[in-house]
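Open the model in your viewer and keep the selection tool ready. The stops below say what to select and what is there.

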Amino acid sequence: MSNKEVKAALKSARDAIRNKEYKEALKHCKAVLKQEKSNYNAWVFIGLAASELEQPDQAKGAYKKAIELEPNQLLAWQGLANLYEKPNQTDVKGDLANVYQKLLELYESGDKQKWCDVCNKLVELYHEEKKYLEVAETWQKLIRMKQEEGAGKAELHRLWKKMVQLLKDSTRNQDNKTEQLLLTAFEHALASADTVPGEDHQNLYKDFIECLSKFPYEVARLEKACHDMMALYPTMRYPLEVLCLHFIHSGTLSEKALHCFSRLFEMDASSGPGIIGFGIKCLKEKKYKEAVKNLTEGLQKTNQCPAAWHYLAKAQMKIHKHRDAVLSCNQALEALGTPEGPNLRWKNLALQLKAETLIKIAGADAAEEAIKALEQIVDASSDPVVSALRGQAYLNKGLMDQASKISQELLLSHPDLAESHALEGFIHYSQKNYEQAERSFLNAIERKAGTAEYHQYLGLTYWFMSDETKKDKGKALTQFLKAAKLDSYLGNAFCYLGNYYRDIAGDKSRARGCYKKAFELDETDEESGTAAVNLSVDLGDVDTALSILNEVTGKANPGTAKWAWLHRGLYYLRTGQPSQAVADLQAALRADPKDSNCWESLGEAYLKRGSYSTALKSFRKASELNPLLVYSIYRAAALEQILGKYENAIATYEEILKKTENYVPALKG
């Protein structure tokens with residue numbers, strides 16, 4: 001076949017393809033290849049015809065042969081791209097990307113429009129494959145090309161915005177290079193915006209700040225973006241809220257952070273982050289009740305804020321609301337999920353605080369929960385304070401050997417740590433080794449004098465050590481006073497101050513004040529409540545006694561607060577108000593149905609009311625529960641006599657006289 005005939009055959013092949021006679025085209029091409037095996041156009045035409053005849057493997061082979069012959073010729077690359085783009089071609093995306101890259105290289109110095117079209121296709125392909133770094137780098141090439149061509153500000157703005165949209169899902173991948181390219185795209189898009197300030201620009205700024213807040217290491221950039229947006233949009237609370245949440249989450253309560261909290265709170269007193277920030281400010285200023293109130297309110301509006309839950313737990317612990325603090329720690333841990341990076345720190349803090357709080361609650365179940373919390377802390381074994389907490393949890397659970405082992409190890413490895421000596425003190429105190437406990441608590445106080453709990457336990461050590469140390473003003477009393485001064489919410493310190501003033505100093509008025517304070521701090525403290533009521537009655541201040549009892553009974557659930565119902569019932573009984581006495585004594589018995597004295601008092605109240613049959617039943621119940629209650633047995637006999645049951649009455653009187661021969665009321669009866 002001559003040169004002329006080859007050209008004629010290729011022309012025939014081209015015409016056949018144009019007329020969609022693909023098999024005919026293949027014949028002409030094969031005839032050419034018999035003569036010239038390296039004919040580039042023949043291979044390209046075979047590729048095109050085979051592709052149309054749904055023979056992809058033959059088409060691919062032909063195009064690749066052509067590329068092998070002429071690697072920098074466009075036709076074969078274009079044909080291969082068209083082949084790979086067909087819907088029936090699967091698992092070729094990687095190959096297609098390589099083809100597009102080659103086409104970009106070939107178009108770069110020539111057809112700019114086709115270069116841009118291929119570039120768009122390549123970016124779309126990378127985006128489908130979630131190859132965000134490649135998306136970013138390729139799109140940046142497109143923007144550079146447009147800049148070189150002198151594209152206007154509006155077109156460049158559109159391109160930078162498009163890059164932002166393409167990369168917005170990449171934040172989950174945590175790839176630093178992609179992250180930087182995304183942030184750069186945001187900055188260029190903001191800088192090239194046409195209307196500033198304007199709604200589109202404002203929304204773009206919000207997206208930029210939201211994006212920055214996902215990257216823990218872009219603190220400076222986030223702060224700058226928030227301040228810049230606040231300068232442009234001074235009435236918008238969004239950048240200020242993000243900045244406040246950033247400060248809350250960072251855990252740095254600097255003047256800058258506190259100023260930010262105040263500014264947001266002034267701008268919008270109903271903003272969740274603003275109220276949380278104000279609560280944290282109160283916590284820093286030691287206004288603990290106010291802190292609890294504000295943090296609780298703020299978290300109702302912005303509840304997915306682990307740091308805020310942690311601060312709430314801290315404030316609740318400061319006012320000894322330990323069960324509430326445990327719940328807040330659980331909320332913090334739930335909001336954190338499976339944390340990493342800076343969030344891991346918050347998880348460790350929440351777990352440690354939860355354990356501390358559970359140890360304060362005491363009891364074996366709480367101790368078990370505390371041990372589980374401590375086991376979840378990352379690198380806990382290297383933290384001596386966590387080890388000391390574990391020792392306390394073991395002690396509360398009754399595992400003395402484990403607690404002692406930890407104590408000994410800590411004293412050897414960390415002799416200057418207050419917690420090491422405190423743990424030793426708690427162990428000695430629980431074993432009533434008061435002299436050794438005194439030495440340990442003094443060592444702990446020497447290293448950390450501002451801990452109320454250490455002074456409280458040293459006071460308790462002196463209280464139980466001997467009558468001498470109990471009465472010595474410089475011992476127990478001094479320590480309880482120090483504990484109360486350091487922690488004004490420590491109810492137990494005020495209770496023991498009340499014990500001292502009542503039992504040692506004989507100062508009923510001061511004792512009553514201490515008991516009242518202890519009870520106000522902890523309404524479950526029956527000892528302090530009872531003592532405050534009794535001392536109020538002794539001091540002739542019945543109104544105060546009644547106000548305490550009314551407050552407790554007013555809040556009490558059925559079957560609780562027996563002591564308050566009993567005290568008020570006895571008061572009504574003494575003051576001739578039998579109906580009220582009956583109601584209160586019945587409420588007391590719902591809390592403790594086996595209290596024989598309470599049944600006896602109820603019988604007395606029924607008797608005074610004239611309800612003889614029910615009085616009789618109450619006295620009988622009292623004597624059943626406690627056969628030694630002679631008065632109840634006598635009252636039952638007297639009521640049988642009143643009700644005309646003479647034989648029963650005589651039998652009951654005789655029963656009393658068998659036990660107590662000279663019991664005059666029975667003899668009279």
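Start with residues 40–73: over this stretch the chain is 79% helix and 0% strand, with its end C-alpha atoms 9 Å apart. Helices (H or I, at least four residues) and strands (E, at least two) are DSSP runs, numbered from the N terminus. This is a predicted model, in which local features need pLDDT of at least 70 and side-chain atom pairs count only at pLDDT 80 or more, while totals for chains, interfaces and linings use all residues. Residues are numbered from 1 along each chain as its sequence is written, and side-chain values use heavy atoms, with hydrogens and water left out.

Next select residues 562–595, where the chain is 79% helix and 0% strand and the end C-alpha atoms are 10 Å apart.

Now select helix α21, residues 384–396. Its 13 residues reach 18 Å from first C-alpha to last, close to the 18 Å expected at 1.5 Å a residue; the expected span is 1.5 Å times one less than the number of residues. How many residues of α21 are buried? The count is 11 of 13, where buried means under 20% relative accessible area, exposed over 50% and partly exposed in between (1.4 Å probe, protein chains only). Among them are Pro384, Arg390 and Tyr394.

Move on to the cysteines. The structure holds zero disulfides, a disulfide being a pair of cysteine sulfur atoms within 2.5 Å. Cys244 is in none; its nearest cysteine sulfur, in Cys260, is 3.4 Å away. Cys244 is buried, at a relative accessible area of 0%. For Cys329, the closest cysteine sulfur is in Cys305, 14 Å away, which is too far for a bond. Cys329 is also buried, at 1%.

Last, find the second largest pocket, with about 870 Å³ of space. A pocket is an open set of points on a 1 Å grid over the protein atoms alone, with protein on both sides within 12 Å along at least five of seven lines; lining residues have an atom within 4 Å of a point. Select Ser213, Lys214, Pro216, His249 and Asn343, the closest to its centre of the 26 lining residues. Helix α13 (238–250) is one of the elements giving two or more residues to this lining, and gives the most, with five.

Technical notes:
1 Å grid on protein atoms, 1.4 Å probe; cavity = no way out; pocket = protein on both sides within 12 Å on 5 of 7 lines; lining within 4 Å. Points joined across faces, edges and corners; volume = space filled by probe spheres on them.
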